[in-house]
Amino acid sequence: MVFWNFVCAMHIKKTRLLTPGPTPVYPKALQAMLGADMHHRTQDFKNVFLAVLADLKLVMATANDVLVLVASGTGAMEASVTNCFSAGDRAIVCTAGKFGERWVEMTRSYGLDAIVLEAPYGKAVRPEALEQALAANLDVKGVFVQASETSTGAVHDVRAMGEAVRKTQAIFVVDAITGLGTMPLDIDSWSLDIVIGGSQKAFMVPPGLAFLSISPKAWAAMETATLPRYYFNLKREKKYAANGESAWTASTALMLALNEALQYIKSIGMPKLIANAEQLARATREGCHALGLELFSPENPSASVTAVKAPDGLDSGVIVKEFRQRFGSIIANGQGEMKGRIFRIAHLGYFDVADLFAVIAELELILYANGVPVKLGAGVAAVQRVYAEIAITKKELANV
Ligand SMILES: *Cc1c(COP(=O)(O)O)cnc(C)c1O
């Protein structure tokens, strides 16, 4: 293999951010941040704030209140715990990966009595298991889950889970930080009481904003919840939001960015943003199959990110490093116990098929150079086939 014996074959390498958060930023959102030299209590900014709240409600397609917090996604996760629960409350935590473990640690840190329903990495907690746990523990006040478990690329059936939780007194708290914009989530009819999103995932803006929808059932739970809280006080935020303000200093830059990204998301429409992720996810899976690679979560794959097993004898860290060093592409390694064993290809938010052509072509070269028997072009051809099939189907539909 001659072409690999030097650091980089080409002189120009663009840095491409291709991780499942932060994701590539929508360019107009980035430009909008230049307008951040403004005061957060002026009418100009209040108009932006109100527009963002209204548009989030629209794209999340919910009648529930939606609030925005200055925090990474974990801040909204923590807000849901401290605002809706009291120390000693029993809760069921469904976990199937690193982010599920975050719920376990967080609920326990705040003194909740967490019953853990665990599925192995790469799998999902079954709704029947939740239903049984709820029937056996009638005092449960909350159920926590990830819609899409970003560490493994698997999804939970939050629709069926919501049906089980609806019949109980518990509130259903869904971390949809990579679920929103990548999978259908009918918040109101599936009884998803709290649905959490983050700016740096399918919403195409830099990290720093978290948002959450809150159902009447969750607001009612807040009336009796006694955990201490200060910065994240959802009742206070709701009062301020009605007037286009946040309780504390808003992130003017990020709100301007989100406002711009939401215009773009509305112009495409949420169902098509989701379809885009699903189509790229399918093409990724087929590209990987064509290269003889094994998927990590084949049973219930997420459209946000595809986790791929590194071939035998090759550390996934080497693959990730070569993506960066040789091509400037930043892709994700496995997290926690999966580090070195899987790598993750993201396709949520501002990703297009050209991004995927590049990722798969680069992957082919990396595998080839590391002695993995792949046929150069086989993965890219699979992606092209998926692209062509989608185009043909669309044409057929248009001709009906
Ligand atoms: C990104 C992500 C989070 C939030 O992480 P932050 O670093 O706090 O933004 C939480 N849950 C899931 C499933 C995620 O993908």
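I started at Met-204, which sits in the loop between strand E9 (194–198) and strand E10 (209–214). Helices (H or I, at least four residues) and strands (E, at least two) are DSSP runs, numbered from the N terminus.

Ground rules come next. The model is predicted, so I note that local features need pLDDT of at least 70 and side-chain atom pairs count only at pLDDT 80 or more, while totals for chains, interfaces and linings use all residues. Residues are numbered from 1 along each chain as its sequence is written, and side-chain values use heavy atoms, with hydrogens and water left out.

**Entry 1: backbone angles**

I went back to Met-204. Its phi is positive, about 70 degrees, although Met-204 is not a glycine. Is Met-204 buried or exposed? Met-204 counts as buried because its relative accessible area is 0%. The cut-offs are under 20% for buried, over 50% for exposed, and partly exposed in between (1.4 Å probe, protein chains only).

I found a positive phi at Ala-61 too, about 55 degrees, and Ala-61 is not a glycine either. Ala-61 lies in the loop between helix H2 (43–60) and strand E2 (65–70).

Then I checked the peptide bond from Gly-21 to Pro-22. This bond is cis, with omega near -5 degrees. Pro-22 belongs to the loop between E1 and helix H1 (27–32). I noted the background: most residues other than glycine have a negative phi, and most peptide bonds are trans.

**Entry 2: two strand residues**

I looked up Ser-329 in strand E12 (residues 329–330). Ser-329 is buried because its relative accessibility is 0%. Its side chain makes a polar contact of 2.7 Å with the side chain of Glu-362. A polar contact is a pair of N or O atoms within 3.5 Å; within protein, one must be able to donate a hydrogen and the other to accept it, and residues adjacent in sequence count only if both atoms are side-chain atoms.

Asn-333 is in strand E13 (residues 332–333). With a relative accessible area of 17%, Asn-333 is buried. I also compared Asn-333 with Gly-269: they are 64 residues apart in sequence and 31 Å apart in space, C-alpha to C-alpha.

**Entry 3: the ligand**

A side-chain N or O atom of Ser-72 is 2.5 Å from a ligand oxygen. A polar side-chain atom of Thr-74 is 2.4 Å from a ligand oxygen. A side-chain N or O atom of Asp-175 is 2.6 Å from a ligand nitrogen. The protein covers 88% of the 380 Å² of accessible area that the ligand has on its own (Shrake-Rupley method, 1.4 Å probe).
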